[in-house]
Amino acid sequence: MSLESLRFDRRCARCVACLILLLGISKIVDAQDSSLPRIVQKNDRYALFVDGAPYLMLGAQVNNSSAWPAMLPSVWPAMDYLHVNTVEMPVYWEQMEPRQGHFDFGVVDTLLTQAREHHVHLVLLWFGTWKNGSNHYMPQWMKLDPAHYPNEFSADGKDVDSPSPFAEQTLAADIKAFVALMGHLKDADTRHTVLLVQVENEAGSWQSVRDFSPAAQKMFDAPVPAEALAAMQKQAPTGNAGWKDVFGDDADEFFQVWYVARFIGQVAAAGKAVYPLPMYANASVRDPISPTHPPKYEVGGPNDNVFPLWKAAAPAIDILSPDIYERDPVRYLKLLDLYHRTDNPLFVPETIGQAAYSRFFYAAIGRGAIGFSPFGMDYSRSFTSGVQEALTPTEGFVATSLNYQVFAPMVREIARLNFEGKIQTAVAGEEERAPRAAERQAADSSDETDRVLHLDGWDANISFGTFSRFHRQPTTMPSESNGRILIAQLGENQFLLTGMYSRVKFEPNGPASGKAWQYLRAEEGQYENGAFQPRRILNGDQTDYGLIFAANPAVVKISLYTR
Ligand code: DGJ
């Protein structure tokens, strides 16, 4: 054997050894990864992987004071009714650490046990230093010791009802408690009932644009950290330029955001080092179209204008999420668009639970959302104490339940198709009406299209409302203006549809445009254990005037062909 071939053989052997090692390691990594919930990114799309496959959270958040064992009897019947697969429950710092360094996980354990009994996953909300911008969930031993756990100062030196992000002992205590929580979950939740953890709740401050305490002021005047400059693509005019010099009118806001995000980033990172579940921070959002300046909104949270600051200051936070209580549909949709970014998975952890907003569940899915969760969905009274006497579902519960009961059997299929970019949705009010060609309008006045979805090979012309064979009916109930449709491309000329209060008419696009076409088959049914099970074939009046979805959502699988 020549020296050269010996060297070659050795190189090969080393390569093979490396390959085996790499394969071995990647197997171990895979094994670890697939057992933990995790966020996976593919190109510009995201999925929450649960048990190794994409998952869609059909969520509901309980009222703030409902995650106590005594209240759970008014939680579970609501969750069962709603067909949720994931419940968002707070963990109260004041309950979990009643005495400094003494942790009580009894309530968390009850949540885990009962969630498993009800076959749902949990998202745990760490009500720690911040809850809606205040320190109200801090344990008493902290509240009674403001010298160590101070609030912010306003510009005129007043105590603000908001914890200071510069309070080192608060940060240390929060980290210690959060690490204890994550360590407990690591041991107590090997089944991964908990999918995701929210770190703090709507952090920031309402009463003052920033902390003006002496400690804060010192940092405000100090040079802006290089990471913050880089994140905002700014250069300091001089070597020791402070926040005002760099950011001018935005300085107070950006400064506050940076240090709130840094605080929360440190809490999240410490918790993840113990148990690396995906983590998110939620924002009390500013007006997405005409925000006030100077801000009248809560400053500090992940608002749309400060994404780069949050991403740089808190890299352990996987998702920046909007709490959407916006009643104007245009603003609601704008918020979905703003938080659906290539560097951020869309997740709506809180939203309005009323029927009129239930269609936005579809709008969120159409923007790749990994989950959606109306707020306050239990049978306790929302703003008073005590349990509601009659467990009567309100119209908001009915609407959410209708959404979720259709999606529950096919959650995995929808999540996978969405991750593959195969899903489009449309909801009433999403776009300006796009009237069709004049001659078709004249031929059939009810043929007005509200929205066209361009699919592979086909256009889906969608009209919202209530329909008889030929005609759109005058809207008599508000729910009828609540149209929604989801279309998934299953294969060539094959689609899955579901929706409410809409009609869909297909026509070929691209090279087949203008050709005669028909349904080859239209099946109404549902997924069972991963396979679509038809219960009837739709034909005649059920397809000749378009596919019509009314008050009760159906799931329809269609094959189309052109002649
Ligand atoms: C947003 C908060 O994040 C929730 O905890 C709750 O307070 C709702 N607002 C409103 O009730």
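Buried, as used in these legends, means under 20% relative accessible area.

**View 1. The salt bridge between Asp287 and Arg331 in the predicted model.** In this predicted model, the closest N and O atoms of Asp287 and Arg331 are 2.9 Å apart. Because Asp287 lies in the loop between β10 (279-284) and α11 (307-313) while Arg331 belongs to helix α12 (residues 329-339), the pair ties together parts that are 44 residues apart in sequence. Arg331 has a relative accessible area of 19% and is therefore buried, whereas Asp287, with a relative accessible area of 25%, is partly exposed.

**View 2. A network of salt bridges involving Asp337, Arg367, Glu430 and Arg451.** The structure as a whole holds 17 salt bridges.

**View 3. The salt bridge between Arg116 and Asp189.** The closest N and O atoms of Arg116 and Asp189 are 2.8 Å apart. Arg116 is located in helix α4 (residues 106-117) and Asp189 in the loop between α6 (168-188) and β9 (194-201), so that this pair ties together parts that are 73 residues apart in sequence. Both Arg116 and Asp189 are buried.

**View 4. The salt bridge between Arg210 and Asp252.** Arg210 and Asp252 form a salt bridge in which the closest N and O atoms are 2.8 Å apart. The pair links distant parts of the chain, with Arg210 in the loop between β9 and α7 (214-221) and Asp252 in helix α10 (residues 251-274), 42 residues apart. Arg210 is buried, its relative accessible area being 2%.

Terms used:
Residues numbered from 1 in each chain as written. Predicted model: local features only at pLDDT ≥ 70, side-chain atom pairs only at ≥ 80, totals over all residues. Heavy atoms only, no water. Salt bridge = Lys/Arg side-chain N within 4 Å of Asp/Glu carboxyl O. Helix = DSSP H or I, 4+ residues; strand = E, 2+ residues; numbered from the N terminus. Buried < 20%, exposed > 50% of the residue type's maximum accessible area, 1.4 Å probe, protein only.
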